[in-house]
Amino acid sequence: MTSALEVIAAGARTPLGLTAQSTAAAVRASLSSFAEFPFVTTSGEPMITSADTQLEPELEGRERLVPMIESVLDEVMQQLSQGSPYRGTCYLLLALPEAR
């Protein structure tokens, strides 16, 4: 049994790019954005992470997620507003980071 899947729009905001297209380009170029974060581990070592550089590192929870989700939804809506409207069933796949 095979099922058809049609991707009609995609959006992403990652530590490597503010859009799906820029993230894909950074991945293809083997870029990395890992750096010391202004926090330490439980053993006192500097925390190395890859984070969205457009957001303050101190932001947590809703204050951190909302601007990221808004920019991704804006990217998707811009794609959907171009050309003729899609008339089929449309599902949203939203992937969020695990809880801190």
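A polar contact is a pair of N or O atoms within 3.5 Å, where within protein one atom must be able to donate a hydrogen and the other to accept it, and residues adjacent in sequence count only if both atoms are side-chain atoms. In this structure, the side chain of S32 reaches the backbone nitrogen of F34 at 3.4 Å.

**Basis of the model**

This is a predicted model, in which local features need pLDDT of at least 70 and side-chain atom pairs count only at pLDDT 80 or more, while totals for chains, interfaces and linings use all residues. Residues are numbered from 1 along each chain as its sequence is written, and side-chain values use heavy atoms, with hydrogens and water left out.

The mean pLDDT (the predictor's confidence in each residue, from 0 to 100) is 88 for the protein, and 98% of its residues reach 70 or more. Among the elements (helices are DSSP runs of H or I of at least four residues and strands are runs of E of at least two, numbered from the N terminus), helix α1 has the highest mean pLDDT, at 96, whereas strand β1, residues 35–40, has the lowest, at 84. Where pLDDT is low, the predicted coordinates should not be read in detail.

**Accessibility of selected residues**

The table uses relative accessible area, with buried meaning under 20%, exposed over 50% and partly exposed in between (1.4 Å probe, protein chains only).

| Residue | Relative accessible area and class |
|---|---|
| E6 | 55%, exposed |
| R13 | 17%, buried |
| T19 | 30%, partly exposed |
| T23 | 12%, buried |
| S30 | 64%, exposed |
| S32 | 57%, exposed |
| L92 | 66%, exposed |

**The segment before α1**

Contact, in the wider sense of heavy atoms within 4.5 Å, links R13 to L18, D52, Q54, L55, P67, M68, S71 and V72, leaving aside neighbours within four places in sequence.

T19 lies in the segment before α1 as well, and its side chain is joined to that of S22 by a polar contact of 3.0 Å. Beyond its neighbours within four places in sequence, T19 is in contact with A12 and E75. T19 and V76 are 57 residues apart in sequence, and their C-alpha atoms are 9.7 Å apart in space.

T23 is found in helix α1, residues 20–28, and it is classed as buried because its relative accessibility is 12%. A polar atom of the T23 side chain lies 3.3 Å from the backbone oxygen of G17, and G17 is also one of the residues that T23 touches, together with T14 and L16, when residues up to four places away in sequence are not counted.

S30 has its place in the loop between α1 and β1 and has a phi near 60 degrees, a positive value in a residue other than glycine. Most residues other than glycine have a negative phi. S32 lies in the loop between α1 and β1 too, and its C-alpha atom is separated by 25 Å from that of L93, which is 61 residues away along the chain.

A pocket is found on a 1 Å grid over the protein atoms alone, as an open set of points where a 1.4 Å probe fits, with protein on both sides within 12 Å along at least five of seven lines, and its lining residues have an atom within 4 Å of a point. The largest pocket holds about 1,200 Å³ of space, a volume being the space filled by probe spheres set on grid points that are joined across faces, edges and corners.

Its lining consists of 41 residues, of which V72, L93, L94, A95 and L96 lie nearest the centre. V72 is also among the contacts of R13. Strand β2 (46–49) and helix α2 (61–80) each supply at least two residues of this lining, and α2 gives the most, with 10 residues. By class, the lining has 28 nonpolar, six polar and seven charged residues, where Ala, Val, Leu, Ile, Met, Phe, Trp, Tyr, Cys and Pro count as nonpolar, Asp, Glu, Lys and Arg as charged, and the others, Gly among them, as polar.

L92 lies in the segment after α2, and its C-alpha atom is separated by 33 Å from that of M47, 45 residues apart along the chain.
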